[in-house]
2 protein chains.
Amino acid sequence: MCQIDKGLLFASVVWTKCWGKISFMPSKTLDVMRSDARKIFMAGVKSVEPARAVETLVQREGHTLTIDTRQYDLIQIENIYLVGTGKAAAPMALAMEQILGNRINEGLINTKHGHGLPLKRLKLREVGHPVPDEAGMRGAEAILSLVQGAKDRDLIICLISGGGSALLPLPVEGISLKEKQELTSLMLRCGATIHEINAIRKHISRIKGGRLAEASWPARLATLILSDVVGDSLDVIASGPTVPDESTFEDCLAIISKYRLESEVPFSIRNYLHEGAAGRRQDTPKPGNACFARTQNVIVGSNIQAIMASASEARRLGYHPLVLSSLIEGETREVAKVHTAIAKEIVRTGNPTRRPACLISGGETTVTLRGEGRGGRNQEFVLAAALEMKGLDRSVILSAGTDGTDGPTDAAGAIADGNTVGRSLNKGMDPASYLERNDSYNFFSKIGDLLITGPTKTNVMDLRIIIVG
Amino acid sequence: MCQIDKGLLFASVVWTKCWGKISFMPSKTLDVMRSDARKIFMAGVKSVEPARAVETLVQREGHTLTIDTRQYDLIQIENIYLVGTGKAAAPMALAMEQILGNRINEGLINTKHGHGLPLKRLKLREVGHPVPDEAGMRGAEAILSLVQGAKDRDLIICLISGGGSALLPLPVEGISLKEKQELTSLMLRCGATIHEINAIRKHISRIKGGRLAEASWPARLATLILSDVVGDSLDVIASGPTVPDESTFEDCLAIISKYRLESEVPFSIRNYLHEGAAGRRQDTPKPGNACFARTQNVIVGSNIQAIMASASEARRLGYHPLVLSSLIEGETREVAKVHTAIAKEIVRTGNPTRRPACLISGGETTVTLRGEGRGGRNQEFVLAAALEMKGLDRSVILSAGTDGTDGPTDAAGAIADGNTVGRSLNKGMDPASYLERNDSYNFFSKIGDLLITGPTKTNVMDLRIIIVG
């Protein structure tokens, strides 16, 4: 027999996963559900904090260092070097300092201005981002020369996070940083894919496309990656400095010819690629290259990891969590329509999950600008979803960047509920026209529903949370 | 103990819903999975065939006629009249003839040219669609006068399906069919919502907006509806001839003024609306009107019903079905991206459901035309999804209209798998450019992957099925 608290007049029955066992949860107010959505988001963010992400997969016990599933015998290892790049490089490095202490012989880290932390045993440089600069290049040179000096009994630990590509620039001799940037903006303008851009980038870099792994050989190399890329493709994150590259110099020339950029690509780059295709320049290391036998690449934090932590928190708070996908891309307002269609089906028929439900998704959508407004993809998602969920009882929508920022605004995202559109109309605002102008920031600012977290010091893209209570 | 057939070398374990019970299913080939997708689609379509839909919710046992949950005592009922409109009106009427036989006193049906069937006791008219015509109007007049003659001991059964609005046109006196059509195209052009257009349509019709129910009073009225509208809103389907209307003449004038159409709306319509606002014309019947106490509206077939039947078939075939939503709207290629993101997450992490999985959704998406190609929203969905699922092992995508048509083509939709894009590239085709030109029909025609069913004689919008085996 189960006990029922008769004081809970509007108690709703929660069938737990275990057949036959019934627990009771009082219906939550909208305010409580809004606060739950925030908690669910923050639980996701916390799970991928750089230091925690590193500590979860890296353990030291006596003389054994365990990184994910691989064990390193610290007695057999002579020197340990730490290198790293990315916006989260400093807290990741701090975690490694705490684990390895004075076993670290030397280390060099490039991070973004304002993202440094005081480190004991490592040298940290704050360098240019998103536009790479000379300081970044000097840091990259020093990192390359450090790993080149490592021997076969040495272990190099490499820390990579979002922004890691721009923060570690090192073009091959004869190509300037400025020329490399020219190439990137040319290719972005002509609509080349990220894989096409990366193929060329990797071939004119001394670090990207597996070249850092090549330079590290014969030392052992373990790369810890905080992924800010949809799908966590190792060769895409920071242009894969420790990952095999399958593209060739010929591919690069074919891409340039495909977009008819022969006359626009800087001469030094074209020349270098032609020399490479003629066999006079060394290609990037391919799968099977000996250096990768001594390389371990480990994702320590990612969007799906944050989502799963959010889902646990949602379950703890009494909701049925449903993880839709960590791979959501596409035009934000259309993506919002699909999400709200699922939420409404929960209300209508209890599919794909029952109330009280919590839909969670991640990834990174895009916004095609139509107006002159201010906003970000997360705020736009919430506004578009709120318009679709207008009047839907007991529903809450939250979308925010795990890094605490969303577009060129001071907000991480926004939070709305089924009454938000009605409230804004009562204030004389026209929510549809805010959406039309891409002015979600001003909409949520006026109505007091911005989600402001400040910088979280991590980044695994966005989280979207829809509660149907 | 469960028996294992050791001959099934590559057997994969299927955990059934019942804890502890395990059954084994051999891995299916891609061909089998493609055929399964077809079966799953057809099971959905079959479940909403007009006759079957009617027979499922209407039963006669002796002197009792049961329609959904309501019972009618045929001894107490003097006359039974059948009226109907829509593309599926004929098979729905045929089913009612089989249930009620000679208890039907008289009946009048309007359907689209080519959609008629030989009926025994009912008079069927084939009339204009999508552009309403005089024949439709004469049929509507006859239907109105039939129900107006009914008495309080009579029962009127009204059959409604897709196209029912255009097939039953009856503007109020002084407004011509042509003027009514002018108004509709005016409002569509200025971006008015379907609710705004319907508000005005209902106020200048003698049948829509509950007026058929009003005319039927004091007879009893049971309306059986095959819904082709996202969300199955009773007041939207065929402009709700037997459903209360909450809008007023004043609302209509406000809508015309909102879109600044005062000078463009035909004079007869403006004049009629102004007279109505001044109280000189009768408003549509509102909620609480006595006629609705004697009216029963029943959805006999809908998109979610088809989806649930498809889900059952998927389960029978060994998949874990997951019903995403019957309410999917939005730009087709973006909707496809969200669906494939979910499919890919199933492959990566087993969320939101485990393999072998079958995602099912319904509703109706839109296509913004970019090119001069040929296709429909379903074929475009499958092409866009196939591009996203390129190379994804053991995956099948099907999307098709339940009516057997998709855009201006002879196909219901298309079917693709993870190899489709590769196969087309091998044939020298560029699938991305087919999508860019909205030329999905020619793409699937060349590659032999159109789904052609012929007319199914029902319509509950689209079904989308994604198998991850």
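**Rings first.** I began with the aromatics in chain A, where ring pairs link A:Tyr434, A:Phe443 and A:Phe444 into a cluster. A reminder to myself: this is a predicted model. I looked up one of them, B:Tyr434 with B:Phe443, and it is edge-to-face, with 5.4 Å centre to centre and 65° between the planes. Buried or exposed, I wondered of B:Tyr434? B:Tyr434 has 7% relative accessibility, so it counts as buried. B:Phe443 is buried too, at 0%.

**Charges over rings.** B:Arg437 lies over the face of B:Tyr434, 4.8 Å from the ring centre.

**Cores.** A:Phe444 came up again: along with B:Phe444, it has the most contacts inside the largest nonpolar core, which has 72 residues. Beyond its sequence neighbours within four places, A:Phe444 touches residues including A:Val382, A:Leu383, A:Ile415 and A:Leu450. I then found a second, separate core of 57 residues, with B:Leu82 and B:Met96 among them.

**The sheet in chain B.** Next I traced an open, parallel sheet of six strands, ordered S8-S7-S6-S9-S10-S11. Which strands stand at the edges? They are S8 (123–127) and S11 (295–301), and each has a single partner strand, so one side of each lacks a neighbour in the sheet. On average, neighbouring strands are turned by 15° against each other, direction ignored. I followed S6 (residues 80–85) along S9 (residues 155–160) and counted six bridges, in the parallel sense. There, B:Val83 stands opposite B:Cys158. Finally, helix H4 (residues 134–148) of chain B packs on this sheet, touching S6, S7, S8 and S9, and its direction makes about 155° with that of S7.

Methods. Residues are numbered from 1 along each chain as its sequence is written. Chains are lettered from A and ligands numbered from 1 in the order in which they are written. This is a predicted model: local features need pLDDT of at least 70, side-chain atom pairs count only at pLDDT 80 or more; totals for chains, interfaces and linings use all residues. Side-chain values use heavy atoms; hydrogens and water are left out. A nonpolar core is a set of buried Ala, Val, Leu, Ile, Met, Phe, Trp, Tyr and Cys residues joined through side-chain atoms within 4.5 Å. Buried means under 20% relative accessible area, exposed over 50%, partly exposed in between (1.4 Å probe, protein chains only). Contact means heavy atoms within 4.5 Å. Two strands pair if DSSP finds at least two bridges between them. Helices (H or I, at least four residues) and strands (E, at least two) are DSSP runs, numbered from the N terminus. Axes are lines fitted to C-alpha atoms, for helices over the stretch in contact, and angles run from 0 to 180 degrees between N-to-C directions. Rings of Phe, Tyr and Trp (its six-membered ring) pair if their centres lie within 6.5 Å; planes under 30 degrees apart count as stacked, over 60 as edge-to-face and the rest as tilted. A charge sits over a ring if NZ of Lys or CZ of Arg is within 6 Å of the ring centre and within 35 degrees of the ring normal.
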